[in-house]
Amino acid sequence: MRAIDVHVHPMSQAYVDASALFTPAAQRMFHGRFGARPEDQIADDFRRDDVLALPIAWDSRHGTGDPIYSNQQLADLCARYPDVFLPGWAMVDPWSGRAGLKEIEHAIRDLGLLGVKYQPPVQAFEPSDRLFYPVWDLIQSLGAPVLIHCGTTAIGAGEPGGLGFKLDHGRPMHIDRIAADFPRLNIVAAHPGWPWTDELIAVLLHKKNVSIDISGWTPKFVPEALKYDMRRRLQDKIIFGSDYPGWAPGQCCDEWEMEGFKPEIVEKLFVKNALRILNLETLVARAKAEGEAKGGKM
């Protein structure tokens with residue numbers, strides 16, 4: 001196993017249908033890589049690169065009006081390819097009230113998904129608004145991690161008004177407030193947080209219960225301040241992610257290794273931090289056994 005990729009969009013036709021509003025902008029930004037592909041091809045992409053993946057469901061009904069790629073669909077995908085996909089991130093529209101809270105509990109307890117992902121600009125909510133505190137309280141009580149998009153987004157980029165999505169919903173200080181008020185909530189900030197990278201670094205240094213996935217950016221474009229601290233104060237808080245299919249996991253691994261990080265830091269980035277922060281040891285061992293049974297190299 002070369003790496004654990006904690007930020008993966010399983011771009012099957014069903015997933016593309018659920019994200020129809022933002023697909024054109026993503027296609028432009030990522031040069032056509034956000035098109036639909038068969039599930040078998042997605043799984044083979046990760047097998048080829050010797051990477052285990054945590055895929056993400058999709059639910060932005062309030063913010064976009066699109067259909068969803070449900071948590072049940074995601075759980076079924078993970079069950080079909082257990083040698084590749086670890087039980088991934090549920091997604092629940094934060095505006096769905098009590099029904100949403102029941103869905104979170106169902107996704108974690110019944111479907112066996114790892115945690116819940118939120119995309120505040122696209123889901124049209126300020127995550128530190130106390131209206132949404134029951135969400136964070138429930139996820140904390142379930143002992144599950146939460147993945148929260150941080151910084152700018154490719155979704156709506158270049159469109160009139162950015163399709164109405166407000167970037168300041170992704171400011172790191174929203175995560176800071178949540179982390180302070182829910183100290184047992186395991187929060188992973190998704191992406192480098194640009195243009196508020198320094199804010200995100202401050203949050204990571206100040207809040208023990210916040211870590212970061214380095215996804216969505218090729219290494220050469222990740223802000224230098226973050227790369228500097230990845231080698232030093234933040235080396236135990238960084239988790240690998242590709243934001244597939246925007247970037248292939250193997251390509252990201254290669255490019256991070258070319259950045260000249262010490263081998264022990266690369267090992268933390270690719271595997272060790274994810275195992276510890278997300279408590280993945282049992283799930284990874286199960287996936288390795290499945291891979292061995294299929295004759296794979298994991």
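Helices (H or I, at least four residues) and strands (E, at least two) are DSSP runs, numbered from the N terminus. By this assignment the protein contains 14 helices and eight strands. The model is predicted, so local features need pLDDT of at least 70 and side-chain atom pairs count only at pLDDT 80 or more, while totals for chains, interfaces and linings use all residues. Residues are numbered from 1 along each chain as its sequence is written, and side-chain values use heavy atoms, with hydrogens and water left out.

**Overall dimensions**
- The C-alpha trace spans about 50 × 40 × 40 Å along its principal axes.

**Burial and contacts**
- Of the 298 residues, 59% count as buried, meaning under 20% relative accessible area (1.4 Å probe, protein chains only).
- Contact means heavy atoms within 4.5 Å; among contacts between residues at least 6 apart in sequence, 79% join residues at least 24 apart.

**Strands β5 and β6**
- Strand β5 (residues 145-149) pairs with β6 in the parallel sense over five bridges; pairing requires that DSSP finds at least two bridges between two strands.
- The bridge partner of H149 is A190, in β6.
- Strand β6 (residues 186-190) has four of its five residues buried and is therefore largely enclosed by the rest of the structure.

Notes
Buried means under 20% relative accessible area, exposed over 50%, partly exposed in between (1.4 Å probe, protein chains only).
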